[in-house]
Amino acid sequence: MKRIAIIGGGISGLAAAWELEKQRNSGTTLEYELFESSPRFGGVLVTEQVEGCVLEAGPDSFLTEKPWASDLCREVGLGEQLIGSNDTARKTYILLKNKLVPLPDGLMFMVPTNLAATLMSPLFSAKTKLQVAREWLHPPRSATADETVSSFIERHYGTEMVERLADPLLAGVYGGEASQLSVRAVLPRFAAMEAEHGSLGRAMLAARKKAHAAPRPLFTSLRQGMQQIADAVVSRLPASALHANTPVQLVQRQNGGWVVSAGMASDHFDAVIVATPAHAAATLLQMASPELAAELSGIPYTSSITVNLGYERSVHASLPPGFGFLVPRSEGKRLLATTFVHNKFPHRAPQDRALLRCFLGGVRNEGILDAPDEEILHLVREELRQILGLNTEPLFTRIYRWKNAMAQYSVGHLERLALIEGLVQGLPGVALAGNGYRGIGVPDCVRSGLEAAARVMQGIDPS
């Protein structure tokens, strides 16, 4: 019987385990063991129910257009639990000179497609508006080398678009800076659009015309929160294969396979899926391949804090409509973004409650992770007072810290991945999964786990 170890019980590791479980149920003779260092499975998928509100400690949703997470949900019986974002209420604000300015209509991520709305918006200066208009005339351009998101967007729309839009958007998603992140790794679609169309605006409109299907919600979540995904997968795996509170220290080659050392015990496996952050994978694989470990260690990560605050009905009525706001670095705040959760999704809060989710940390403020809860809460409430005029005492609060959890795809990331993948090929039976490689969102992590399981199955001699 072939044996496979999965190290890391976040959503990538769980997806890999689910894929192997399906193989086992279809008659394939195999055994797998899932090792997780913490007391629970699911990684950053953590949901709390407080006073009728659904609080997310980690991601609150995933992009609908990426199918892997939705497909997994349906496979484990959660199809009826999937909910879409309230896109009719979708409005996002940018904090500008301590005032909330709505993003103009027709803005697709950070690409203006409605010139009239953009030209009328107070978010941009006359100079930037002129650059937006000129961008429609850009000829196709094939880049010969990687570049930062900052330089890419600046070439199309100018520095103000970077400072007021690209940087705060990427700080909210990656916890990173536009001046450091790779456009090829983070926004590969934009690079392809520039090569084919030149103008991003024209490319977006062309893509929209080709899309014949009815519009779908931008984001998808689950009725009772994102932790439902992890819990549903775990419930369908054999208990004997699940090892929580079992940190793995080392993975070593031995006798044509792999020895996994966890605590005082070691076990032999035919293959190993390492579904941990890249820096943890580096430690595990140091003895097996120092060169691979060095490349994995070179993928930087940032930390973040999520603060949930629940309020009474009067606050619900006083907040602006929409999904929330982003904070550019130039505003001098510690907040990166705030989501009005009660507006973004149904079933997140009772009608007489307002639920806010605030984000801090990232490259901009790694040190905040070490601050005590009281200091963090005071800071968040003070900045909400300055931005929203919100003085009301919250009914409840929750603070969640995520240390070194968000991978940063710096310039040259894809070249580093090519090296990593080449080195992994020299380790038969080893596969990597997680958010450190080709996508940080939940669907990408699910996909990476599924693909890792498929790779190790292909590499195992069926005899």
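How are H2 and H17 oriented to each other? Keep that in mind as you open the model, which is a predicted one.

**Stop 1: H17**

Select residues 442-459. This is helix H17. Check its length first. It has 18 residues, and at 1.5 Å a residue they should span 26 Å. The end C-alpha atoms are 26 Å apart, so the model agrees with that expectation.

Now colour the buried residues of H17. They are Val-442, Pro-443, Asp-444, Cys-445, Val-446, Arg-447, Ser-448, Gly-449, Ala-452, Ala-453 and Val-456. What do they pack against? Their partners include helix H1 (11-25) and helix H2 (68-75). Strands take part too: E1 (2-7), E5 (62-63), E16 (271-274) and E22 (430-432).

**Stop 2: H2 against H17**

Two packed helices are described by the angle between their axes and the distance between the axes. For H2 and H17, the angle is about 70° and the axes are 7 Å apart. The two helices are therefore roughly perpendicular to each other, as angles of 65 to 115 degrees count as such.

Show the side chains where they meet. H2 brings Trp-68, Ala-69 and Leu-72 to the contact. H17 brings Val-442, Pro-443, Asp-444, Val-446 and Arg-447. By class, six of these residues are nonpolar, none is polar and two are charged.

**Stop 3: H1 and H10**

The crossing of H1 past H10 is left-handed.

Which residues make this contact? From H1, pick Ile-11, Leu-14 and Trp-18. From H10, pick Ile-229, Ala-230, Val-233 and Val-234. The class count is seven nonpolar, no polar and no charged residues.

**Stop 4: Gly-10**

Step back to Gly-10, in the loop between E1 and H1. Is Gly-10 buried or exposed? Its relative accessible area is 17%, so Gly-10 counts as buried. Next, select Arg-40. Gly-10 and Arg-40 are 30 residues apart along the chain, and 9.1 Å separates their C-alpha atoms. Leaving aside neighbours within four places in sequence, Gly-10 is in contact with Glu-36, Gly-42 and Gly-43.

**Stop 5: H5 and H8**

Select residues 149-157 for helix H5 and residues 188-197 for helix H8. The axes come within 12 Å and cross at roughly 40°. H5 and H8 are therefore oblique to each other. H5 passes H8 in a left-handed crossing.

On the H5 side, the contact is made by Phe-152, Ile-153, Arg-155 and His-156. On the H8 side, look for Phe-190, Ala-191 and Glu-194. This contact has four nonpolar, one polar and two charged residues.

Stay in H5 and click Ser-150. Ser-150 is buried, with a relative accessible area of 14%. What does Ser-150 touch? Not counting residues up to four places away in sequence, Ser-150 touches Val-162, Ala-178 and Ser-179.

**Stop 6: Ser-303**

End at Ser-303, in strand E17 (residues 301-312). Ser-303 is buried too, with a relative accessible area of 1%. Show what is in contact with Ser-303, leaving aside neighbours within four places in sequence: Gly-361, Gly-362, Glu-366, Leu-369, Trp-402, Lys-403, Asn-404 and Met-406.

How values were computed: Residues numbered from 1 in each chain as written. Predicted model: local features only at pLDDT ≥ 70, side-chain atom pairs only at ≥ 80, totals over all residues. Heavy atoms only, no water. Axes fitted to C-alpha atoms, helices over the stretch in contact; angles between N-to-C directions. Helix = DSSP H or I, 4+ residues; strand = E, 2+ residues; numbered from the N terminus. Parallel < 35°, antiparallel > 145°, perpendicular 65-115°, else oblique. Left-handed = near helix turned anticlockwise from the far one by under 90°. Contact = heavy atoms within 4.5 Å. Nonpolar A, V, L, I, M, F, W, Y, C, P; charged D, E, K, R; others polar. Expected span 1.5 Å × (residues − 1). Buried < 20%, exposed > 50% of the residue type's maximum accessible area, 1.4 Å probe, protein only.
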